[in-house]
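Please view the sequence and the structure first.

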Amino acid sequence: MTAGSLAAGALALSLTGCGNSVDPIERLGRKTTEAQQSPTASPSQSQSPAAAAPGDDAYKKWGLSAPLRFAPKPAQKPSLAPAAPGKARVVDRIPVPAGDKVVFLTFDDGAEKDPEFLKMAADLKLPISMFLTDNIASSDYGHFEKLRDNGSGSTINNHTLTHPNLRTLPFAAQKKEICGQQEHLEKRFGAKPTRFRPPYGNYNDDTLKAASECGISQVILWRVSMQINNFQYAEGSALKPGDIILAHFRGPSELKGATEIQMTTRMLQRIQEQGYQIGRLEDYL
């Protein structure tokens, strides 16, 4: 699957402020015009959120007006279009039935390592698919290991070594960025991930080929990104079933004084306001 065959708007989110930038706001960039499991399973990684429900009062503790609703693991995974030979498959929305109001949480980079966020994620049993960049997250990979192992079914995935715009790099350099982080994550967490997110959502055919050669089967993009207070949509003005939501591990210096917890609370409130459940991405892929 190449970008030339993607539906219009599917890859419209190109980030600014992702990674080391001090600008926290992601913007809807121009459409991508070039061509698209988790580490060794621990007990938490094979567990769906429905199997580890949060405590009855957890939602009150973290500023929510009602308990979160979690989608059960589907009896059968949705059918995805096959990947092109020798390339990783691109996924930017999960093809769930129109009536299944489920969305998925993903967090990128790893700059913020707030211990209070660990408590929040554990209390609420948030199933988070993490995409970690080595030069940003590696100062405390233990933080993300705790998040992975809190019983929510969260996972750790690849987001390159140094967070470059891969489309500006030749094949060999792209492969070094992706395979290099595969090796780091395998050494630290016990296995190479099979899911990858390109920085800024930018990729081309070389990216997909390099990712496949590094052991990646799926390149995970998104249709919705969480800003400080509200969502930004690639299309329309509301969530759609199967949306993959992008957020970041960021703190007050990048969130104009807001905390990671405040941002996440607002994100969860917006999900609730639109009547959606939260699914575990890996249960659907």
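The text below describes the salt bridges and the exposure of their residues.

The model is predicted: local features need pLDDT of at least 70, side-chain atom pairs count only at pLDDT 80 or more, and totals for chains, interfaces and linings use all residues. Residues are numbered from 1 along each chain as its sequence is written, and side-chain values use heavy atoms, with hydrogens and water left out.

A search of the whole structure gives 15 salt bridges (a side-chain nitrogen of Lys or Arg within 4 Å of a carboxyl oxygen of Asp or Glu). Three of them are described here, starting with Lys 61 and Asp 123, whose side chains meet at 2.8 Å, N to O. Lys 61 lies in helix α1 (residues 58–61) and Asp 123 in helix α2 (residues 115–124), so this pair ties together parts 62 residues apart in sequence. Helices are DSSP runs of H or I with at least four residues, numbered from the N terminus.

Glu 145 pairs with Arg 188, with 3.0 Å between the closest N and O atoms. Glu 145 belongs to helix α4 (residues 141–148) and Arg 188 to helix α5 (residues 171–189), 43 residues apart, and the pair links distant parts of the chain.

Asp 149 and Arg 148 form a salt bridge at 2.8 Å, N to O. Separately, salt bridges with shared partners join Asp 92, Arg 93, Arg 223, Glu 235 and Asp 243 into one network.

The table lists relative accessible areas; buried means under 20%, exposed over 50%, and partly exposed in between (1.4 Å probe, protein chains only).

| Residue | Relative accessible area and class |
|---|---|
| Lys 61 | 55%, exposed |
| Asp 123 | 25%, partly exposed |
| Glu 145 | 25%, partly exposed |
| Arg 188 | 33%, partly exposed |
| Asp 149 | 36%, partly exposed |
| Arg 148 | 6%, buried |

Notes: Helix = DSSP H or I, 4+ residues; strand = E, 2+ residues; numbered from the N terminus.
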